[in-house]
Amino acid sequence: MSAIQTTVVLAMTADGKISAVDPKAPRESDPDDQAHVEYQVSLADLILVGAGTIRAEGGTFAIRNPELLAAREVRGQPPQPITCVVSGSLDLSLDLPFLSQDIERWIFTTRAGLERSSDTTTLQKQAELIDLGDTDLDWDRAYTLMVERGIHKIVALGGGSLTAALLQAGRIDDWWLTIWPVIYGGKHAATPVEGEGFIPNVAPHLQLVETRQIGSELFLHYRTLK
């Protein structure tokens with residue numbers, strides 16, 4: 001395992017969708033899944049979120065449970081983990097609620113994104129913009145920087161493009177997948193891992209290490225075999 005442990009925490013439907021065809025369509029939150037995500041996030045020094053996810057949801061996940069906040073204080077962590085949005089294009093609206101939340105904000109981007117965006121100067125006042133390559137993000141550079149800044153535990157909350165990039169870079173140590181008892185369908189609906197995909201003989205393999213069931217929901221914990 002590297003100096004940083006990276007855990008993917010995602011919920012998906014029984015047919016493998018992380019959102020409906022319309023990612024902004026309203027959906028009732030599930031208290032059991034929310035409590036699970038909140039606990040996992042409470043362990044993190046930093047949350048990684050893809051730009052598409054932050055655009056769809058508006059804000060980042062915030063810890064509210066007093067016991068979890070107290071546990072972070074005991075461990076010497078700030079109340080909320082850093083949230084780092086991954087956006088190579090820097091295509092982020094300035095009115096996103098994320099940019100006004102009471103948290104430390106980073107944005108991983110590219111030199112091309114910094115040069116192309118008309119909002120770079122304003123964004124620099126609201127978040128730390130970190131250049132990780134000319135046109136593509138260099139995850140080795142990203143992890144080196146995070147180690148230097150004392151990051152030990154990352155929770156990645158999707159979406160599928162971010163998860164695919166981390167998987168391709170060999171950076172995912174384990175996974176928590178919640179299976180919702182519902183079917184969304186739709187060939188264009190987002191899935192947990194997008195990108196170019198893998199052929200079977202080189203596809204990453206997982207080991208199931210824990211299962212939980214609450215009602216009709218399943219919580220599956222996998223370790224990535226390396």
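Trp 106 touches Leu 46, Ile 82, Thr 83, Cys 84, Val 85, Glu 128, Ile 130, Leu 145, Met 146, Arg 149 and Ile 151, leaving out residues up to four places away in sequence. Contact here means heavy atoms within 4.5 Å. This is a predicted model, in which local features need pLDDT of at least 70, side-chain atom pairs count only at pLDDT 80 or more, and totals for chains, interfaces and linings use all residues. Residues are numbered from 1 along each chain as its sequence is written, and side-chain values use heavy atoms, with hydrogens and water left out.

Step back to the whole chain. The protein chain has 7 helices and 9 strands. Helices (H or I, at least four residues) and strands (E, at least two) are DSSP runs, numbered from the N terminus. The C-alpha atoms fill a box of roughly 50 × 45 × 40 Å along the principal axes. A compact globule of 226 residues would have a radius of gyration near 17 Å, and the protein chain agrees, with 17 Å. That radius is taken over C-alpha atoms, and the globule rule is 2.2 Å times the number of residues to the power 0.38.

Of the 226 residues, 46% count as buried. Buried means under 20% relative accessible area, exposed over 50%, and partly exposed in between (1.4 Å probe, protein chains only). The accessible surface of the protein chain is about 11,800 Å², and 51% of it belongs to carbon and sulfur atoms. Such areas come from the Shrake-Rupley method with a 1.4 Å probe; for residues, only the protein chains shown count as cover. Among contacts between residues at least 6 apart in sequence, 71% join residues at least 24 apart.

Now go inside. The largest nonpolar core has 31 residues, and Leu 46, Leu 48, Trp 106, Phe 108, Trp 139 and Met 146 have the most contacts inside it. Two or more residues each come from β1 (5–13), β2 (46–50), β3 (82–86), β4 (105–109), α6 (139–148), β6 (153–156), α7 (160–168) and β7 (174–180). The largest share, 5 residues, is given by α6. Apart from this core lies another, of 25 residues, including Val 41, Ile 63, Ala 127 and Leu 129. A nonpolar core is a set of buried Ala, Val, Leu, Ile, Met, Phe, Trp, Tyr and Cys residues joined through side-chain atoms within 4.5 Å.

Strand β4 holds Trp 106. This strand is mostly covered, with 5 of its 5 residues buried. In a regular strand the side chains alternate between the two faces of the sheet. Arg 105, Ile 107 and Thr 109 point one way from β4, while Trp 106 and Phe 108 point the other way. On one side, β3 and β4 run parallel, joined by 4 bridges; two strands pair if DSSP finds at least two bridges between them. Val 85 has Ile 107 of β4 as its bridge partner. Strand β5 (residues 128–131) also pairs with β4 in the parallel sense, over 4 bridges. Here Thr 109 stands opposite Asp 131.

Next come the loops. Leu 90 sits in the loop between β3 and β4. Its phi is positive, near 60 degrees, in a residue other than glycine. Leu 90 counts as buried because its relative accessible area is 2%. Gly 159 lies in the loop between β6 and α7, and the peptide bond from Gly 158 to Gly 159 is cis, with omega near 5 degrees. Gly 197 belongs to the loop between β7 and β8 (206–214). At 45% relative accessible area, Gly 197 is partly exposed. Its C-alpha is 7.9 Å from that of Ala 164, which is 33 residues away in sequence.

Turn to helix α1 (residues 31–42), where Ser 42 is placed. Ser 42 is buried, at 2% relative accessibility. Its side chain reaches the backbone oxygen of Tyr 39 at 2.6 Å. A polar contact is a pair of N or O atoms within 3.5 Å; within protein, one must be able to donate a hydrogen and the other to accept it, and residues adjacent in sequence count only if both atoms are side-chain atoms. Beyond its neighbours within four places in sequence, Ser 42 contacts Ile 63, Leu 68, Arg 72, Arg 75 and Gln 77.

The last stop is a hairpin. β8 and β9 form it with 2 residues between them, and Gly 215 in the turn has a positive phi of about 60 degrees. The antiparallel pair of β8 and β9 (residues 217–224) is joined by 8 bridges. Ile 214 stands opposite Glu 217 of β9.
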